[in-house]
Amino acid sequence: MRYVSTRGQAPVRDFSGVLLAGLAEDGGLYVPETWPSLSHTDWRALRGLPYPELAARVIQPFVGTSIPFATLQRLCRESYAGFGHPATVPLVQLDHDLFACELFHGPTLAFKDMAMQLLGRLFDHVLTAQDRRVTIVGATSGDTGSAAIEACANRDRVDIVILHPQGRTSEVQRRQMTTVLAPNVANVAVDGTFDDCQDLVKAMFADAPFRAELHLSAVNSINWARVAAQIPYYVAAALALGAPDRDVAFSVPTGNFGNVLAAWAARRMGLPIARLVVGSNRNDILTRFLASNDMSVRGVEPSLSPSMDIQVSSNFERLLFELLDRDPAATAAAMAEFRARGQMPVPVPAWQRAAKLFHGFALDDEGTLAEIRRLHAATGYLADPHSAIGIAAARALPCPGVPIVAMATAHPAKFPDAMERATGCRPPLPSRLADLYERVERYHRAPNDLAAIEALVRATALRNAA
Ligand SMILES: Cc1ncc(COP(=O)(O)O)c(C=O)c1O
Ligand SMILES: N[C@@H](CCOP(=O)(O)O)C(=O)O
């Protein structure tokens with residue numbers, strides 16, 4: 001399998017190359033040169049497989065010959081062995097045709113573990129084979145950071161520096177990152193928003209000498225491997241509900257558009273997905289786009305679902321590339337205009353195609369609390385604020401006659417204050433995290449300034465190279 005950049009000016013790479021490169025050199029995102037396609041018979045053959053085996057088979061076409069299949073199977077088995085539920089991604093029925101797919105049974109209690117546990121192992125495997133080291137730089141609005149740190153801490157061939165927006169994550173999320181004191185891990189609290197952190201990461205990749213000097217790699221969903229590893233759980237949920245002999249729909253609480261893009265990829269591979277509902281909080285740029293082709297950036301507003309406090313959704317570029325019939329020049333021009341004017345120019349026919357499949361729904365904090373409360377009172381189910389937005393979106397935009405699965409992306413214990421406001425109870429952390437509030441924290445504070453961040457990244461990498 002070969003990968004091309006959405007902007008057409010970067011080297012074509014194989015899976016291992018894309019894993020290590022992260023962002024393409026032209027600022028674009030890597031996408032498969034051609035999409036794998038599975039027949040109904042192929043999908044049916046995946047029914048009933050244990051999750052790690054299903055994941056290996058779904059991811060294999062994207063890996064191609066980069067990694068032997070037996071190795072991929074082993075890495076998948078190891079990745080999901082420590083998950084806290086025997087089904088790995090259990091489905092919970094909430095209503096007649098409404099299900100939650102719980103993606104938060106991994107070590108850091110958010111869906112990011114689904115991909116990140118595999119990514120850490122893939123990095124190890126590929127870097128060992130190539131006898132190389134990399135410096136990973138990442139941006140987080142709360143969950144990517146802890147999942148990436150958990151997956152990479154103490155790995156010999158990786159240093160990892162994670163930027164988070166100062167004061168804009170939940171305390172549990174921050175502590176899950178800043179209490180990991182491994183020598184190859186650094187956390188930076190940036191005076192800014194998640195969008196600022198993500199811009200800083202992209203700016204480091206755009207600084208060619210810095211990128212080459214530090215051998216930069218990425219763990220955000222700009223890295224294709226992240227998206228690939230998020231496809232299998234859509235397959236698992238759809239098969240459990242009768243696919244490929246029946247349509248399914250998904251509702252996905254969305255920020256950087258990586259999770260819902262993985263659902264789109266599963267559909268592109270032939271999984272019968274009738275509708276994709278995109279849930280947002282008050283940072284509703286995607287909802288506005290889907291409703292009226294208005295993708296205009298406004299300031300990032302803090303909310304009770306901090307991981308979705310995002311305006312510039314990186315992975316939208318991958319969808320845009322497809323909507324523009326895979327025209328890299330048109331994609332690059334649209335992205336340049338978006339950056340310059342804060343307004344994405346999407347041709348009307350392309351927008352109409354998007355709006356046929358994707359449906360947007362935005363919920364403010366009051367609505368989020370009301371949904372958590374309503375669901376808890378009606379069913380006893382505790383949904384965290386992000387998952388609650390996905391569930392509310394699924395209820396608001398059902399697909400008649402088709403079961404809809406809301407992706408439950410985080411454990412409610414990560415957001416105890418919001419849960420208490422909504423339901424009066426504070427869900428406890430699992431026992432392995434019970435002393436989280438007593439652990440020592442270590443992190444840097446930095447302004448939203450590229451030179452300052454690059455200096456911190458260089459210092460982390462040099463300290464460990466010494
Ligand atoms: C709990 C949670 N829900 C939803 C999202 C949004 O997912 P995505 O950025 O892939 O759209 C995130 C962050 O990515 C998250 O951490
Ligand atoms: N919501 C994310 C933001 C980064 O998203 P990613 O999928 O691109 O890593 C977070 O929790 O950090």
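I began with ligand 1: of the 16 residues around it, Asp143, Asn256, Asn259, Ser307 and Thr409 come nearest. I counted a residue as near a molecule or strand if its C-beta atom, placed from the backbone, lies within 6 Å of it. By class, this shell around ligand 1 has 5 nonpolar, 10 polar and 1 charged residues. Here Ala, Val, Leu, Ile, Met, Phe, Trp, Tyr, Cys and Pro count as nonpolar, Asp, Glu, Lys and Arg as charged, and the others, Gly among them, as polar.

I note that this is a predicted model: local features need pLDDT of at least 70, side-chain atom pairs count only at pLDDT 80 or more, and totals for chains, interfaces and linings use all residues. Residues are numbered from 1 along each chain as its sequence is written, while chains are lettered from A and ligands numbered from 1 in the order in which they are written.

Next I looked at ligand 2. I found 13 residues around it, the closest being Thr140, Asp143, Thr144, Asn220 and Ser221. The shell of ligand 2 holds no nonpolar, 12 polar and 1 charged residues. Helix 6 (residues 143-152) gives the most to that shell, with 3 residues.

Then I took the whole chain. I logged 20 helices and 13 strands. Helices (H or I, at least four residues) and strands (E, at least two) are DSSP runs, numbered from the N terminus. Of the 466 residues, 56% count as buried, meaning that 20 or more other C-beta atoms lie within 10 Å of the residue's own, with C-beta atoms placed from the backbone. The C-alpha atoms fill a box of roughly 60 × 50 × 50 Å along the principal axes.

Two strands pair if DSSP finds at least two bridges between them.

Strand 7 (residues 185-190) runs parallel to strand 13, joined by 3 bridges. Valine 188 stands opposite histidine 444 in strand 13.

Terms used:
Buried ≥ 20, exposed ≤ 12 C-beta atoms within 10 Å, placed from the backbone.
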